[in-house]
Amino acid sequence: MRAPVLPLLLMLALPLVVEAAPFPATASPTQVVLGRDRAVVVQVKVPRGTPSLRAVASSGNLMPLPATARGVYAYRWIPPDIRYPLLAVLAFWVDAAEGPPEVTTVRIPLLGRTELDVATDVGAGAQVVVQVADMQFGPVTTNRKGRARVPVEVPPGVREAIVLATAKGQQTRRTTPLDVPPERPLVAVLSPDVFPVNGTGWLMLLGEELVPRAQVDLQVQGGNVEEQDPGVFRVKPEAGARTVVVDAHLKDGTGAARVMAPVAAPIVAVVPPPEAPVVAPPPAPPAPKVDWSQYLSWHHLSPHLMAGGFFAGGDNRGPLLSLGLGYRLPPLGGRLTVEVEGGLRHLSSQPTLGPMGPVLDSRVVALPLLLSVRVLAFERGPLSLHGRAGAGDLYYDQSVTSTLFPEPHSQRGHTLMAFVAAQAAWRLGAVSALLELRGSYAEVKAQQIDAQLGGLSASLGVRYAL
């Protein structure tokens with residue numbers, strides 16, 4: 001049973017309110033338990049006559065919602081598809097007539113859930129409580145080997161837990177490290193949204209706080225930056241630049257951000273002879289820039305590698321290898337993933353004819369290229385179950401040698417391959433161990449080959465969440 005400190009319960013029972021910033025903002029819920037909470041609703045209130053509000057998130061997807069009242073902007077934020085603790089930073093700002101933009105930041109802790117294996121020296125029947133930051137989890141009774149598994153929730157920035165074990169009136173206390181990736185949030189804000197051709201703009205770097213130049217490596221294309229205050233930079237576009245692009249990387253390698261803004265084209269007046277003075281009309285304003293970052297994010301990509309074997313009856317069996325890349329779709333809470341996969345299958349057969357022994361040596365190499373959809377069906381702790389289905393093209397190459405003919409024969413071709421599969425994944429931080437059982441159909445019939453390259457297969461592998 002979880003027993004957080006009473007003040008923490010009172011704080012988390014109410015929506016997060018950001019009052020000290022230029023624009024009051026609320027977020028509900030105030031924190032996210034990864035794998036359980038699917039979305040956060042954020043509302044930002046601005047005074048009447050304020051320019052359009054702009055927004056960006058350090059991770060996850062931030063999407064605008066219909067306004068519920070005058071002067072109130074509403075957003076839906078979907079957390080990233082990760083399982084380790086992280087702090088998410090959401091920035092909301094308007095361009096100022098002079099000086100840097102007015103920015104309101106909302107920081108949302110993402111709590112990772114895991115089961116902590118605890119080994120005690122007090123023996124069986126001990127009551128174990130695990131303290132993570134100011135929250136306690138348990139008690140859990142140890143087994144006859146003095147071990148227990150305690151479900152815990154880990155907030156960002158916490159690297160160790162305290163294990164308290166009580167038995168026969170005695171209590172032991174020890175500290176155990178937590179395996180948490182050292183990732184930190186970073187957001188880059190450029191203002192205004194279109195830079196004046198002969199003017200200047202502003203860059204702000206936001207993380208847990210404003211991030212000064214000494215903590216980041218900055219690469220600027222199409223402009224030059226000069227730090228005015230910690231984390232606040234003046235940006236001047238270079239002559240002839242069409243776009244200013246800023247890449248920021250924390251020097252300790254724990255976070256990065258990229259942002260860009262177009263530079264307005266200069267207005268050129270064409271002066272004709274005095275008898276017919278005509279001034280060229282100003283160019284049309286640039287089209288509004290679509291922020292694709294909420295849809296195209298490296299955090300949505302997940303490469304995987306699997307190896308195993310297949311069996312389709314008779315000699316139609318052999319090893320297989322597959323390498324794929326998945327992209328998680330934002331709708332439905334990220335339960336759908338589109339995957340492209342390339343593979344390798346190999347089978348060989350040596351039919352015999354009575355006492356003559358083997359009369360043929362046939363070897364087939366098949367290269368499938370498949371497109372599939374993976375659906376998250378069940379998730380509890382580090383275990384998740386998925387269903388997969390897909391189809392694609394399978395290229396095959398057969399080589400046949402025999403004592404019955406002098407020259408080896410070969411043939412090539414391609415055919416349709418389709419499959420359905422059940423996949424189990426066990427999460428180990430950013431890496432997941434995979435077990436997949438698959439049923440495939442890929443029949444090959446040609447002049448010298450009649451084989452089934454589908455059948456049933458079992459594979460083991462790994463998937464990595466970028």
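With a relative accessibility of 34%, Asp 81 counts as partly exposed, a class that lies between buried (under 20% relative accessible area) and exposed (over 50%), as found with a 1.4 Å probe on protein chains only. Its partner Arg 83, at 17%, is buried, and the two side chains meet in a salt bridge with an N to O distance of 3.6 Å; the term stands for a side-chain nitrogen of Lys or Arg within 4 Å of a carboxyl oxygen of Asp or Glu.

This is a predicted model, in which local features need pLDDT of at least 70 and side-chain atom pairs count only at pLDDT 80 or more, while totals for chains, interfaces and linings use all residues. Residues are numbered from 1 along each chain as its sequence is written, and side-chain values use heavy atoms, with hydrogens and water left out.

The structure holds 15 salt bridges, and one of them joins Glu 341 to Arg 438, whose closest N and O atoms are 3.2 Å apart. This pair links distant parts of the chain, since Glu 341 belongs to strand β24 (residues 336-349) and Arg 438 to strand β28 (residues 431-441), 97 residues apart; strands here are DSSP runs of E with at least two residues, numbered from the N terminus. Both Glu 341 and Arg 438 are buried, and both take part in a network of salt bridges that also includes Glu 339, Arg 374, Arg 388 and Glu 436.

Another salt bridge brings together the side chains of Asp 397 and Arg 412, at 3.1 Å from N to O. Asp 397 lies in strand β26 and Arg 412 in strand β27 (residues 405-428), so the pair ties together parts that are 15 residues apart in sequence. Asp 397 is partly exposed at 24%, whereas Arg 412 is exposed at 56%.

## A sheet of four strands

Four strands form an open antiparallel sheet in the order β15-β16-β19-β18, where two strands pair if DSSP finds at least two bridges between them. Because β15 (187-191) and β18 (223-229) each have a single partner strand, they stand at the edges, with one side of each left without a neighbour in the sheet. Five bridges join β15 to β16 (residues 201-206), and Leu 190 has Leu 203 in β16 as its bridge partner.

Pro 382 sits in the loop between β25 (360-380) and β26 (383-402), and it is buried, with a relative accessible area of 11%. Apart from neighbours within four places in sequence, Pro 382 is in contact (heavy atoms within 4.5 Å) with Ala 425, Trp 426 and Arg 427. The C-alpha atoms of Pro 382 and Ala 425 are separated by 7.9 Å, although these residues are 43 residues apart along the chain.
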